[in-house]
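Trainee: Could you walk me through reading a model like this one?
Mentor: Gladly, let's look at it together.

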Amino acid sequence: VAIKGIERELICPACKELFTHPLILPCQHNICHKCVKEILFAFEDSFADGGSESSNQSSPRIRISASSMDRIDRNNRSGIKRNSLTPRSTLFPCPSCQRDIDLGERGINGLFRNFTLETIVERYRQAARAAIAIMCDFCKPPPQESTKSCMDCSASYCNECFKIHHPWGTVKAQHEYVGPTTNFRPKILMCPEHEMERVNMYCEICRRPVCHLCKLGGGHANHRVTTMSTAYKTLKEKLSKDIEYLISKESQVKAHITQLDLLLKETECNSERAKQEASQSFEKLYYVLEEKKSAALRAIETSKNIRLEKLQTQVEEYQGLLENNGLVGYAQEVLKETDPSCFVQTAKQLHVRIQKATESLKSFRPAAETTFEDFVVDTAKQEDILSDLSFHSNGLEIPEINEEQCRMYNKALISWECPEKTDSADIYVLEYHKLNKEEESVTWQKTEVCGKSKVISDLDDDSSYAFRVRGYKGSICSPWSREVIMHTPPAPVFSFLFDDKCGYNNEHLQLNPRRTSVESRAGFPLLLGSERLQVGCYTTLDYIIGDTGIAKGKHFWAFSVEAYSYLVKVGVVPSNKIQKLFHNTHDVSSPRYEQDSGHDSGSEDAFFDSSQPCTLVTLGMKKFFIPATPAAPKDPASRILPLPSCLGICLDCDRGRVGFYDAGCMKCLYECEVDCSGLMYPAFALMGGAAVHLEEAVTAKYREYHDDI
């Protein structure tokens, strides 16, 4: 292989020059020892100067990206130990793979020097310089050209100096010498972590040579290692086979190169054609705009001339009404006529004109409007269309927002998918805006998303938002998806868990470990309770409350009730009535309290309201029952609604009202007054087979979960 043909592999990615004392990074890329130091010290200087651009001027060879500066800045703030003698950052941004590489506790001192690469670079330098001589290090001025270099002394000698410094019969006479070179490599590769130990093993996990101390008690104690000879043989065989394979495919590589050359030319031609087509499209738009502009200006000019003509005529008419001027002057001359017949003949028509002028004075009105409000061009829609002007491709699918996977609670989770279940877009843009009838123009808020879902925070309570999404692949984008309207909760979300201490009946109720779900099981205890059937009492409700109370303000929480649930009551209870709630002797399942018991409905409702320690509504058998109040419909069937998949409760302590909502669309199903004089707690009651699950807050984990799906 011609040594000059591999120059690309011998260039440092940082300084763009030939490697000088290259080091092997943990990511297996190489970089000059000097470049590593310069980059790390440049980061330290930038950190000390507040990240100013002027701090990087000391090293013009190295350019530090803004993203790398941000990463190192975060690492410096994280508490990494520093001293003034060595670079302080242990994370190094690799110029080749653009990743942050952990250099470990020893930093630069823990990196191996790539002697093989250094030798190849030296051979390249010699081939490039050819006739440039290496001078003797020990000659008196002027130095002579060296004839050999000692690998043990790391120096070059001419013949005379070599004999002087390596006399026969001494230990130095046994030193290894080679032809003139500037690349002196040690005979034995030593461990950078244990400087007195030679490397004799190869770590297959970290892909680096290690010594026996690294394996016994160092950072490679639990790693899989092999002997250096085995690793040498294995890697050399693999590399040889791969090289032989590439050499055998030389004709195929040349064919690919030829094909790539054609593709380069084709790309150039197609790009020029695309530029021309884009220019023509914009020229058409310019032409249409110019035509519209000219037509609008002509219409305004025509209207102006007509109005000026009318106003000028009106001015002349009114000037004629002045004394000795126009119509009045003419009338004054007519009055001088003494012949009655001649006067009457002329004055009749003149009198009509005078009457019209008199009437116009009484009700003055300009002959034309001065404003041009009818000629205002509304370009809001066109501006929106032009702002979305981009390259559209029929091959890029239009994403669809999946309303079933979307959630609106403390935050908004927006999920979408492609109809063909493919991920043809590289990135998605999600836009949303608050629906406001008062605003004439709509301002969309934009966010870029790499996946197919996004959590949106900081939305206003009790508001409606429109969402839409489109996909991008390079500069090509898909059309916008259908807009989806979602409603935020009427108040800030209140977080709590089920209380497993206050009044909790663990014989009838079962909580999950996180205390976000409660289940009532119709088991053996319920059968024992049914013995009271002989005295007209079936069984009692099992109550459970939230572990956090509300003292003031407006709050909202949501939950779901399993479809198989027989009877569930939900609402709020004040702290001063909690004991009464759990020790209530009245049984709501007794025939005494059944609505069809035959009692007068008015007195029964009054007794029901006064006897209940808390405000609850009844759910069950996939139904939502509106309480029987004077304001409620008298027909029982009209008070029964389908049970929503998710229910919400909004408590307004300041107004003393509680509302029950369909949390899916944030529609209020029922609202009533409530006494908020004490601390208010969410309350739930279950009977028979039933289960209630609290709605979980929307977090970033939901995005990861839906992405996995």
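Mentor: We will take confidence, then the sheet, then some helical parts. Keep in mind that this is a predicted model.

Trainee: What is the average pLDDT of the protein chain?
Mentor: The chain averages 79, and 81% of the residues score at least 70. Over residues 71-89, however, the pLDDT is below 50, although this stretch has 28 contacts in the model beyond near neighbours in sequence. Residues 702-709 also stay under 50, with 15 contacts beyond four places in sequence. Where pLDDT is low, the predicted coordinates should not be read in detail.

Trainee: In what order do the three strands of the open sheet lie?
Mentor: Strands of a sheet pair through backbone hydrogen bonds, either parallel or antiparallel. Here the order is β2-β1-β5, with antiparallel pairing. The edge strands, β2 (30-32) and β5 (112-113), each pair on one side only. Two bridges join β1 (residues 22-24) to β5, and L23 stands opposite R113 in β5.

Trainee: Which residues does UniProt list for "coiled-coil region"?
Mentor: The unreviewed entry lists residues 257-284. In the model that span is 100% helix and 0% strand, with its end C-alpha atoms 40 Å apart.

Definitions and conventions. Residues are numbered from 1 along each chain as its sequence is written. This is a predicted model: local features need pLDDT of at least 70, side-chain atom pairs count only at pLDDT 80 or more; totals for chains, interfaces and linings use all residues. Side-chain values use heavy atoms; hydrogens and water are left out. Two strands pair if DSSP finds at least two bridges between them. Helices (H or I, at least four residues) and strands (E, at least two) are DSSP runs, numbered from the N terminus. pLDDT is the predictor's confidence in each residue, from 0 to 100. Contact means heavy atoms within 4.5 Å. UniProt positions are given in the numbering used here, feature names are shortened, and annotations may be inferred rather than shown by experiment.
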